[in-house]
Amino acid sequence: MKKFVLAAAIASSLLLAGCSDKVDESTISNVVQSSQYEQPNLGITADTTPFEVKNLKIDKVLLDTKTDYKAKVTYDLVATKSLDQFKESMRKVAEQPAKENNASDQTKNDLGSALTSLKNNLSSEVMVVAYGAKYGDFKAGQVVDTISEEVSLKKVNDQWVKD
């Protein structure tokens with residue numbers, strides 16, 4: 001009987017440990033990817049970002065609680081598309097507001113449309129120039145950088161986000 005109780009206690013402990021939502025390399029990769037290499041306000045989404053976090057390794061855990069996590073990590077930043085492909089995708093993003101407006105909307109909102117279009121074009125060009133200046137004429141599949149950094153996460157609404 002004692003063996004059965006002990007076995008049940010061990011099994012339930014293992015089950016609960018497996019169900020815990022501890023931070024792992026996959027969690028950190030997803031948070032870093034979405035917080036640093038996707039900027040929806042500039043049109044850089046999961047579809048248009050030219051970079052992906054790969055081969056993330058946790059070098060050292062500095063803090064690990066139920067709501068806070070901090071670690072030193074290293075990862076490769078890999079280009080998912082070339083600089084030219086990124087430039088083309090950003091050009092399409094910049095053109096979207098003009099395509100979405102119909103003629104009556106444009107007459108009502110000419111100034112607003114013009115300012116939005118200018119902002120989108122400027123943001124697109126700035127991002128293309130910035131990435132080109134930092135990483136050169138990168139090609140799809142190329143490791144453009146190996147990054148070592150300290151990552152701080154906070155649990156908000158049962159999800160880990162960058163702190």
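I take a nonpolar core to be a set of buried Ala, Val, Leu, Ile, Met, Phe, Trp, Tyr and Cys residues joined through side-chain atoms within 4.5 Å. Buried means under 20% relative accessible area, exposed over 50%, and partly exposed in between, with a 1.4 Å probe and protein chains only.

**Ground rules**

I am working on a predicted model, where local features need pLDDT of at least 70, side-chain atom pairs count only at pLDDT 80 or more, and totals for chains, interfaces and linings use all residues. Residues are numbered from 1 along each chain as its sequence is written, and side-chain values use heavy atoms, with hydrogens and water left out.

**Entry 1: overall layout**

I looked up the secondary structure and found 5 helices and 4 strands in the protein chain. These are DSSP runs numbered from the N terminus: helices are H or I with at least four residues, strands E with at least two. Along the sequence I read α-α-β-β-α-α-α-β-β. Of the 163 residues, 31% are buried. The exposed surface comes to about 10,500 Å², and carbon and sulfur atoms supply 55% of it. That area is a Shrake-Rupley value with a 1.4 Å probe; for residues, only the protein chains shown count as cover. Next I checked contacts (heavy atoms within 4.5 Å). Among those with a separation of 6 or more, 70% link residues 24 or more positions apart.

**Entry 2: the core**

The largest nonpolar core holds 28 residues. Ile-28, Tyr-37, Phe-51, Tyr-75, Tyr-131, Phe-138 and Leu-153 have the most contacts inside it. At least two core residues come from each of helix H2 (25-36), strand S1 (51-64), strand S2 (68-79), H3, helix H5 (110-135) and S3. S2 gives the most, with 6 residues. I note that in soluble globular proteins nonpolar side chains tend to be buried together.

I then followed Phe-51. Leaving out residues up to four places away in sequence, Phe-51 touches Gln-33, Tyr-37, Leu-77, Val-78, Ala-79, Thr-80, Tyr-131, Tyr-135, Phe-138 and Val-144.

**Entry 3: the sheet**

I traced an open sheet of 4 strands in the order S1-S2-S3-S4, with antiparallel pairing. S1 and S4 are the edge strands, each pairing on one side only. The twist averages 35 degrees from one strand to the next. Two strands pair if DSSP finds at least two bridges between them. S2 and S3 are antiparallel over 11 bridges, and Lys-72 stands opposite Glu-150 in S3.

S3 (residues 143-156) and S4 (residues 159-162) pair over 4 bridges, again antiparallel. Here Leu-153 faces Lys-162 in S4. The two strands form a hairpin with 2 residues between them. In the turn, Asn-157 has a positive phi of about 50 degrees.

H2 lies across S1, S2, S3 and S4, at about 120 degrees to S1. Axes are lines fitted to C-alpha atoms, for helices over the stretch in contact; angles run from 0 to 180 degrees between N-to-C directions.

Ser-89 is in helix H3. Is Ser-89 buried or exposed? Ser-89 counts as buried because its relative accessibility is 14%. Setting aside neighbours within four places in sequence, Ser-89 is in contact with Thr-48 and Lys-81.

Arg-91 is also found in H3 (residues 83-100). Arg-91 is partly exposed, at a relative accessible area of 43%. The side chains of Arg-91 and Glu-88 make a polar contact of 2.8 Å. Such a contact is a pair of N or O atoms within 3.5 Å; within protein, one must be able to donate a hydrogen and the other to accept it, and residues adjacent in sequence count only if both atoms are side-chain atoms. I also looked up Val-128, 37 residues from Arg-91 along the chain: their C-alpha atoms are 9.8 Å apart.
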